[in-house]
Amino acid sequence: MARYDSLLDACGGTPLVGLPRLSPTVPEGAPPVRLWAKLEDRNPTGSVKDRAAMFMVRAAEAAGRLRPGDTILEPTSGNTGISLAMVAKLRGYRLVCVMPENVSAERVQLLRMYGAEIIFSPAAGGSNQAVATAKQIAAEHPDWVMLFQYGNEANARAHYETTGPELLHDLPTITHFVAGLGTTGTLMGTGRYLREKVEGIQIVAAEPRYGELVYGLRNIDEGYVPELYDATVLNRRFSVGTRDAVLRTRQLVEVEGLFVGFSTGAVLHAALAVAHEAVRDGRRADVAFVVSDGGWKYLSTGAYGGTLADAEDALEGQLWA
Amino acid sequence: MAIEVRIPTILRSYTGGAKVVEGSGDTLNDLLTDLDSRHAGLRGRLVTEAGALHRFVNVYVNDEDVRFLGALDAKLSDGDSVTILPAVAGGAFGFAAAAAIAQHNTAAGRRTPVTVG
């Protein structure tokens, strides 16, 4: 398990580690309730998105949509861009990322290091401007390929074929699976696999609840639900605010030595909620949750130090997950 | 003690600009009817004519999505906290980008991706 032919071959197969100090204490004689962290930050570029990027590119190759030298256009400032940049480099494609000009310096530097080209949309226009810019670029380059992670079945399939089987292999007694909800790929793929194999499994989503600035004046009639999303795969869905996400992120490093990004703090918050319910009800529980990335890319937010109120202020208006 | 309801920016025109309002009801449906008696029009923005929660609205009771708690029939108790938010996927930027890509793929005549079954 320690030798691979290439970096791409080293994707997945991440460790599942127990969290004995964070797992709730149960009364004497009561069944155990345990928390387990799936360390997706151990993937080639440091996030869970490597799995989806690799599967989406391979699926596009198999379908003849991508040929050597082609250009991939991805409007992203997040982990998907970094993952795609690495995969594109190794598979011989050019990657162009569209992102608002106010994203953190770490993101821009990382993407450029991996060889991606970046087109900035004016920060002042916010996400509406990003839409306009992406549309304009797409119209000018109809031959560029967009993988569309929100509706690309290969995104969810990556987790159906890899993350799910890995979890079941490492934790056959799993009772709950908890992950962040964004494109929904991780939850849909892993959730479907585990539902097929484990009777009574609970699939739990944790979604970030950002500061008000992020939602702004978004019109309710123009909302968006990813094409991949199928609510019947989930049992529960939690909304986790910035303060709780930061609190749990700090707790994870203080108590268990795991240094993670804020989205993982939100996921831990939901995982602890279901773990404590199991304790209350006297039920056995093995709760596995996804660590989607490490904390390195978020250090410049300043939200790892100071009071929780300071951290909340620092993250107001930021997309921390 | 009443139920505290957090109103998103876009709907504050119905609450005179108030960020948080109070209401009562045994279910979400009752609560929204109660709120509408003081904030006329609010309910109509959240519930469709067919009587379901609007697709792009998320409502949470004590941070949990009501769609998994019975939707409009979700039970409420005094002291509960209800949060109303517009549906935003994968961060607001991801949301915006997704809409743009979907249109590009349709325009380019690409096969619409299907969900894995």
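Modeller: S4(A) runs parallel to strand S5 (residues 117-121) of chain A, and 5 bridges join them. Strands here are DSSP runs of E with at least two residues, helices are runs of H or I with at least four, both numbered from the N terminus, and two strands pair if DSSP finds at least two bridges between them. This is a predicted model, where local features need pLDDT of at least 70 and side-chain atom pairs count only at pLDDT 80 or more, while totals for chains, interfaces and linings use all residues. Residues are numbered from 1 along each chain as its sequence is written, with chains lettered from A and ligands numbered from 1 in the order in which they are written.

Within that pairing, A:Val98 has A:Ile119 of S5(A) as its bridge partner. S4(A) also pairs with strand S3 (residues 71-75) of chain A, again in the parallel sense, over 5 bridges. There, A:Leu95 in S4(A) sits opposite A:Ile72. Is strand S4 (residues 94-100) of chain A mostly covered or mostly open? Mostly covered: 5 of its 7 residues are buried, where buried takes 20 or more other C-beta atoms within 10 Å of a residue's own, with C-beta atoms placed from the backbone (12 or fewer is exposed, in between partly exposed).

Now zoom out. The domain assignment, which is automatic or from a database, gives chain A a domain 2 spanning 49-140 and a domain 1 made of 8-42 + 163-309. Taken over C-alpha atoms, the centres of the two domains are 26 Å apart.
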